[in-house]
Amino acid sequence: MPEPENTPTPEPPKPTTPPETPPAEPATEAEKWKALSRQNEQRWKTASKELEELRAANMTEQEKALADARAEGRQAALSEVGTSLVQAEIRAQAASAGVTVPTEYLDLSRFLAEDGQADAEKVKSLIESFPKPSPEPKFPDLQGAGYHRGSGAGVSSMDPNELADLIAGGRFL
């Protein structure tokens, strides 16, 4: 049997994403490859997101319950170690700023992000609220303190006779 010539052929489905506009001409070869890399990375993220959505849509009730239980377990584990992560983040940022932070008096759970990690911005605002140390430490003036009290007469030389006179209270021996 011969096929009629008027039979329409099925067309392939068209992509649902709009066509991407080509970037402006980069000045150097490195910029060209960076732009292509960013473009490919964006495509990969989009494709990965679509794949996860398809997987979630095709899950059975048991698989959904299992995924929810895993997410809950992960969140519980992160909340347990999250305070340790926050404490380490506070100490690291405080050390780089040159301040001391007493973490034993802080509610460390306030510095946790949604994903259970330390929120660096909240920690940074805490560190900035502490007074900055002076750039050079001021040493106390030790003259006249303790056993070595200052005297009006200065030692002009290390001559033993002069030192003996000074020790004797200015009297000549």
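User: What does contact mean for the residues of this model?
Analyst: The structure is a predicted model. Two residues are in contact when they have heavy atoms within a set cut-off, and that cut-off is 4.5 Å.

User: Which residues is V101 in contact with, leaving aside its neighbours within four places in sequence?
Analyst: V101 is itself a member of the largest nonpolar core. Leaving aside its neighbours within four places in sequence, V101 is in contact with I90, A94, L106, L126, I127 and F130.

User: How many residues make up the largest nonpolar core?
Analyst: In soluble globular proteins, nonpolar side chains tend to be buried together. Here the largest such core consists of V86, I90, A94, V99, V101, L108, F111, L112, V123, L126 and I127. The count is eleven.

User: Which elements give two or more residues to this core?
Analyst: The protein has four helices and zero strands, and its elements run α-α-α-α from the N terminus on. Those that give two or more residues to the core are helix 2 (61–97) and helix 3 (120–129).

User: Are helix 2 and helix 3 parallel, antiparallel, perpendicular or oblique to each other?
Analyst: Two packed helices are described by the angle between their axes and the distance between the axes. The axes of helix 2 and helix 3 come within 10 Å and cross at roughly 45°. Angles under 35 degrees count as roughly parallel, and 65 to 115 as roughly perpendicular. Helix 2 and helix 3 are therefore oblique.

User: Is the crossing of helix 2 and helix 3 left-handed or right-handed?
Analyst: The sense of the crossing is right-handed. Helix 2 makes the contact through E89, I90, Q93, A94 and A97, and helix 3 through A120, V123, K124, L126 and I127. To name the sense again, the crossing is right-handed.

User: Is T103 buried or exposed?
Analyst: T103 is found in the loop between helix 2 and helix 3. Leaving aside neighbours within four places in sequence, T103 is in contact with Q87, I90, R91 and L108. A residue under 20% relative accessible area counts as buried. Because its relative accessibility is 4%, T103 counts as buried.

User: How far apart in space are Q75 and G116, C-alpha to C-alpha?
Analyst: Q75 is found in helix 2 and, at 37% relative accessibility, counts as partly exposed. Leaving aside neighbours within four places in sequence, Q75 is in contact with E114, D115 and G116. Q75 and G116 are 41 residues apart in sequence, while their C-alpha atoms are apart in space by 6.7 Å.

User: What percentage of the residues in the protein is buried?
Analyst: The protein exposes about 15,300 Å², and carbon and sulfur atoms supply 57% of that area. Of the 173 residues in the protein, the buried share is 11%.

Note on methods: Residues are numbered from 1 along each chain as its sequence is written. This is a predicted model: local features need pLDDT of at least 70, side-chain atom pairs count only at pLDDT 80 or more; totals for chains, interfaces and linings use all residues. Side-chain values use heavy atoms; hydrogens and water are left out. Buried means under 20% relative accessible area, exposed over 50%, partly exposed in between (1.4 Å probe, protein chains only). Accessible areas come from the Shrake-Rupley method with a 1.4 Å probe; for residues, only the protein chains shown count as cover. A nonpolar core is a set of buried Ala, Val, Leu, Ile, Met, Phe, Trp, Tyr and Cys residues joined through side-chain atoms within 4.5 Å. Axes are lines fitted to C-alpha atoms, for helices over the stretch in contact, and angles run from 0 to 180 degrees between N-to-C directions. Angles under 35 degrees count as roughly parallel, over 145 as roughly antiparallel, 65 to 115 as roughly perpendicular and the rest as oblique. A crossing is left-handed if the near helix is turned anticlockwise from the far one by less than a right angle, and right-handed if clockwise.
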